[in-house]
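Subject: Handover of a structure and summary of findings

Dear colleague,

Please find below the sequence and structure that I am handing over to you. A summary of what was found follows directly after.

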Amino acid sequence: MAVKPPTEYAESSIRVLKGLEPVKQRPGMYTRTDNPLHVIQEVLDNAADEALAGYGKKIKVTLHADGSVSVDDDGRGIPFGLHPEEKAPVIELVFTRLHAGGKFDKGKGGAYSFSGGLHGVGVSVTNALARRLEATSYREGKVARLVFEGGDVTEPLVVRPQGEGDRRQGTTVRAWPDGRYFETSALPMAELAHLLRSKAVLMPGVTVTLTVEKTKETQTWLYKGGLRDYLMQTLNADPVIPLFEGEGFATDNDNFAEGEGAQWCVAFTEDGAPVRESYVNLIPTSAGGTHESGLRDGLFTAVKSFIELHSLLPKGVKLLPEDVFARASYVLSAKVLDPQFQGQIKERLNSRDAVRLVSSFVRPALELWLNQHVDYGKKLAELAIRAAQTRQRAGQKVEKR
């Protein structure tokens, strides 16, 4: 039997990945690789962060006939002057350096108090996994443009004065996702439309547009009624009581950073699949997380206290959080100063304080609402008690087996 020669393990065996190489080597660590939607979402999130910071009113997404996607916003425009330490144009650093971005400096004095960008990884991943990317920034009376291919600068930064027909301010990013990194290059249209619609819902007064060049179709979303309108349009059954909606945000005197808090709209239905959507700083958290746990805790504590106050719980019935939550549909939008997500895709919030943050606003608001509308409170209590009884009966049947 041939003996394999031992593989050498020496100083030269250690390889240091530079620039965007880590993304190209292991794209699945940074984004979804089933299709390019998430890398486009990274660009969209930057546009939404500008609107969230109060600097933009329009976001336009265009699916071009050549397979590229562009995202336009009317925010402040990415700065393009030289970085004081790196001595390179800031706009170039944003697209070529992992962990370079404007979202680290939270709180007063920072460019963004609340944002979905956290790691400075987002659009550099988009750039790394694109055959070509064009970035144009409009600000301070100038237009700055540069082009990348495979993450590298191929057309260096050119700055010119704004001319007739140029936007006053904003950013345009056009990307050609590289099919080598994705199972399919096609964007899932239903998922994209849902994402854009949800951005409009969460930013009342901001117009979000999707244009498909091939079919010449354009969809526009603009919501003035926010979460309530959205939930009512999406519900699969009629609510048994009026929608419970509200919001709460911390002030200087609270235990949280000023502005942290949540908006919510909750519907309780007897049947139909529940509709559940949550967001943190406008980022969709499809896998939920601690902000949803806070909503669950706040709803349960308020309903339990109402049931106890009115002595509604039958003997032998024990109420659990799932009994209240089982028939709840909701849209929850949390604002967290420094959110900790599980991974770069940001599908789940892990910030421990978010449970207490959301619960501390939801619980007193629902307690007050239930005691102002006792009849609705009793209907909701009946729904939760029935769920508890059904659960207990099912448990007893399992035990008898």
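A word on angles is needed before the helix pairs are described: axes are lines fitted to C-alpha atoms, for helices over the stretch in contact, and the angle between two N-to-C directions runs from 0 to 180 degrees. Please also note that this is a predicted model.

**Helices α5 and α6**

With that definition in hand, α5 and helix α6 (residues 226–234) pack at an angle of about 140 degrees, and their axes are 8 Å apart. Angles over 145 degrees count as roughly antiparallel, and the arrangement here makes α5 oblique to α6. On the side of α5, the contact is made by H194, R197, S198, V201 and L202, while α6 supplies G226, L227, Y230, Q233 and T234. By class, this contact has four nonpolar, five polar and one charged residues.

**Helices α2 and α5**

Helix α5 (residues 189–202) also packs with helix α2 (residues 37–52), at an angle of about 15 degrees and with axes 12 Å apart. Because of that angle, α2 is roughly parallel to α5. The crossing in which α2 passes α5 is right-handed. From α2, the residues that make the contact are L37, Q41, L44, D45 and A48; from α5, they are E191, L192, L195, L196 and K199. The residues of this contact divide into six nonpolar, one polar and three charged.

**The second largest pocket**

The second largest pocket holds about 360 Å³ of space. It is lined by 19 residues, of which E191, L195, P284, T285 and S286 are the closest to its centre. The elements that give two or more residues to the lining are α2, α5 and the strand β11 (276–280). By class, the lining divides into six nonpolar, seven polar and six charged residues.

**Helices α7 and α9**

A further helix pair is formed by α7 (residues 290–309) and α9 (residues 353–372), which pack at an angle of about 30 degrees with their axes 7 Å apart. It follows from this angle that α7 is roughly parallel to α9. The crossing of α7 and α9 is right-handed. The residues of their contact divide into twelve nonpolar, nine polar and three charged.

Yours sincerely

Notes. Residues numbered from 1 in each chain as written. Predicted model: local features only at pLDDT ≥ 70, side-chain atom pairs only at ≥ 80, totals over all residues. Heavy atoms only, no water. Helix = DSSP H or I, 4+ residues; strand = E, 2+ residues; numbered from the N terminus. Parallel < 35°, antiparallel > 145°, perpendicular 65-115°, else oblique. Left-handed = near helix turned anticlockwise from the far one by under 90°. Contact = heavy atoms within 4.5 Å. Nonpolar A, V, L, I, M, F, W, Y, C, P; charged D, E, K, R; others polar. 1 Å grid on protein atoms, 1.4 Å probe; cavity = no way out; pocket = protein on both sides within 12 Å on 5 of 7 lines; lining within 4 Å. Points joined across faces, edges and corners; volume = space filled by probe spheres on them.
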